[in-house]
Amino acid sequence: MAIKNLLGSTRFEKYVAPYIFILPMLVGLFVFRLGPVVWSFLLSFQKYNPFQGGAWIGLQNYKELLQDKDFHQVFFNTLKFTLMYLPLGVISSLILAVLVNNKLKGIVIFRAIYFLPVISAVAAVGTIWAWLLNPLFGLVNYLIKAVFGIIGPEWLGSPKTALFTLVLVNIWLTMGYAMVIFLAGLQGVPQELLDAAWVDGAGKVKRFFRIVLPLLSPTTFFVIIITIIRSFQIFDLVYIMTAPAAGEGGAVGGPANSTNVLVISIFLNAFSFYRMGYGAAQAYVLFLMVAFITFFQFRFQKRWVHYQ
Amino acid sequence: MKRLVFVALLALCAGLLFAGGSQGETAMAEKIELRYMMWDPQIIEKEQALAQKFHELNPNVSITVEGIAYAQFWEKIQAMAAAKTLPDVFWMAVDRVKDNQRMGALLDLQPYVDKLDKSNYFESVFNVLRAPNANGDMYAFPYAWVVCIFYYNMRLFDEAGLQYPPEKWTWDEMRNLAIKLTKDIDGDGNADQWGYWVKGRYTHTWSYVYNNGAQMVSDDFKRCLLDEGKGKEAMKFLADLVIKDKVSPTPAQTKGVSTFFTTGKIAMCTEGSWRIDTYRKSLADPFGITYLPLGPGSGGKYDSFGWPDSYAISAYTKHPDESWAWTEYMAGPGRPVDSVLGGKVSIWKKSALSDAWAEKNMLPENKDLVLKAGALIGKNVTFAPGWPEWSDQIAASDFDKILLGEGDFDTVMAEMTEKIDKVLARY
């Protein structure tokens, strides 16, 4: 009876019940998210391997990062990847969204086709692209030679082109996702504004740049943020397309370390070289990079993001 | 009276229950389940069949076979080791033995190995599995071994009217043959058939270091020796084949193709003996094998680079004896010869010296050369601690830099050595 009274009481419903409902989520958040965040921060000050535990070494891991030439290359590879992927990825997704934002018959099929790579397995996509882009036997270079009579680039084989090749494949892979977000934004642009501009004599291009693009800025802002975060966190595609076959030996992130990016380096140090502490320090460098850039984006969004 | 009968029945039932219970407990205690993990899910059914045979011979021991793809295998093992839930028996890569032993994940197998009749095994291979150094105990037990050998495409030699490589020969002879066999067939100004393939990976590079009388790291695992003397000479020889002589495709051209020899565009290459099986299946041309050419620093002494595939037993296993019994069975008469054909050699001599292994009706005609080359395996320094980092990541990556013309040989070799020294210093 007492329990029944308690369950039925307003105080219980107001102060206890909500917390019971969110408890599973809170447990998940603390155990699987915040716990590892704190734990990895502590790890970054230790020499740690999972078999023997850790030893506190202060800032030694961070000092080593500053002196490690290979890590410097990893850091700049990640920046380069982001600087190439961000504009190309956002612009191509926007163009694609504009193209599929019309009422042609069967346009839904095109939208689905462009979205397909997003739901494809990265392992399969990466493996197939690696074959297509093989410098000597790949279909892409075969077509380049057949059509233009020239020898195609070495794609993933050369340090000069490998990172850019990964950017291109990643754009192909993720373009559909940002396209859907842009499409939703485009369909939210009020038709009366476009009609009014048309009546005033504004052409298609002018309407796009003067009306559509500014009204789309909150969507663009969101797409830019997720694109930057995703590009800093790129891992699976790089791993699939650059890792040697099982037992072959050879480096991940090659050739010559040219595609070794932060998350690959974190993974290698923590799980292949048993250097959890050094890997954790690299993870915190990644965190600081993402946090710094996101902070500045939010800080300066007022200058170019227009909410209706 | 009724009460007495009831109590007696109750006592009888209880007695039966406990009697049954104790028998059940004994039976339960005798039933042992071992977990066995390997990294080739494609052969899991074959391994399960062997486990079933073992179970028939040892009815109290059941084996659960688990197959994890190689890419995830070591991460899984690491996580399980940290949680002390390692499988009882699992496949062990030779380059991981010392690291895993150092971390306390492996059972010392020496007490078991000491009781074995070693004459049944290729014992020279055992040393590579000792930890923490060549004088240590065995922390893994081999079931098969492989060795690096020299392959040549007979069609390309025949077309060029050249004699096949002999068993005893030199780097200069090899280079001269490679130059003659490199051709621009379609006349576009670029070679499309190459005399040799410098893959730049451990099978290629370290074989040449050894066959020039050098080694990659010092005996005490403290210093990298690649930037000095004969070791550097070997690396320079390989680099020159790509950069100066241009008798090998570059790593850029062969990116993503781990068996370039199967294209029929390569006249000669150095690879592990396990590739015999690959080339039989995938190379359209006949091929032969021979010893690697000797470098000027070798003093005429041939030094094979080879290693075993092995099993390890978890340091945390509750059933070490049964785990060893299963290991011994799989590394001995239990493993059928057809699971170690091609260029793999069973550690169990009866299997390796059998007609079935010799495969006399198949290429290469001189397959017994694998056995002779295997007898010359011995170095333990190859698999110094930290191998995945210093050999697979640093050396492979930096040597690629040289082969791709991205850095001056001397500068890159000095940088590579410095980085490897830092890795070795951590152990």
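About 50 Å³ of space lies in the second largest cavity, a cavity being a set of points on a 1 Å grid over the protein atoms alone where a 1.4 Å probe fits but cannot get out. Its volume is the space filled by probe spheres set on the points, which are joined across faces, edges and corners.

This is a predicted model, in which local features need pLDDT of at least 70, side-chain atom pairs count only at pLDDT 80 or more, and totals for chains, interfaces and linings use all residues. Residues are numbered from 1 along each chain as its sequence is written, chains are lettered from A in the order in which they are written, and side-chain values use heavy atoms, without hydrogens or water.

Stay in chain B. Select the lining residues (an atom within 4 Å of a point), including B:Trp206, B:Phe399 and B:Met416. Helix 15 (387-403) gives the most to this lining, with 4 residues; helices are DSSP runs of H or I, at least four residues, numbered from the N terminus.

Next, the largest cavity, with a volume of about 80 Å³. Select A:Tyr85, A:Met175 and A:Arg230, which are among its lining residues. Helix 4, helix 8 (162-187) and helix 11 (217-232) of chain A each supply at least two lining residues.

Now the interface. Contact (heavy atoms within 4.5 Å) joins 43 residues of chain A to 43 residues of chain B. Show A:Asp70 and B:Lys419: their side chains meet in a salt bridge at 3.1 Å, N to O. A salt bridge puts a side-chain nitrogen of Lys or Arg within 4 Å of a carboxyl oxygen of Asp or Glu. The two chains share 4 salt bridges.

How values were computed: On a 1 Å grid over the protein atoms alone, a cavity is a set of points where a 1.4 Å probe fits but cannot get out, and a pocket is an open set with protein on both sides within 12 Å along at least five of seven lines; lining residues have an atom within 4 Å of a point.
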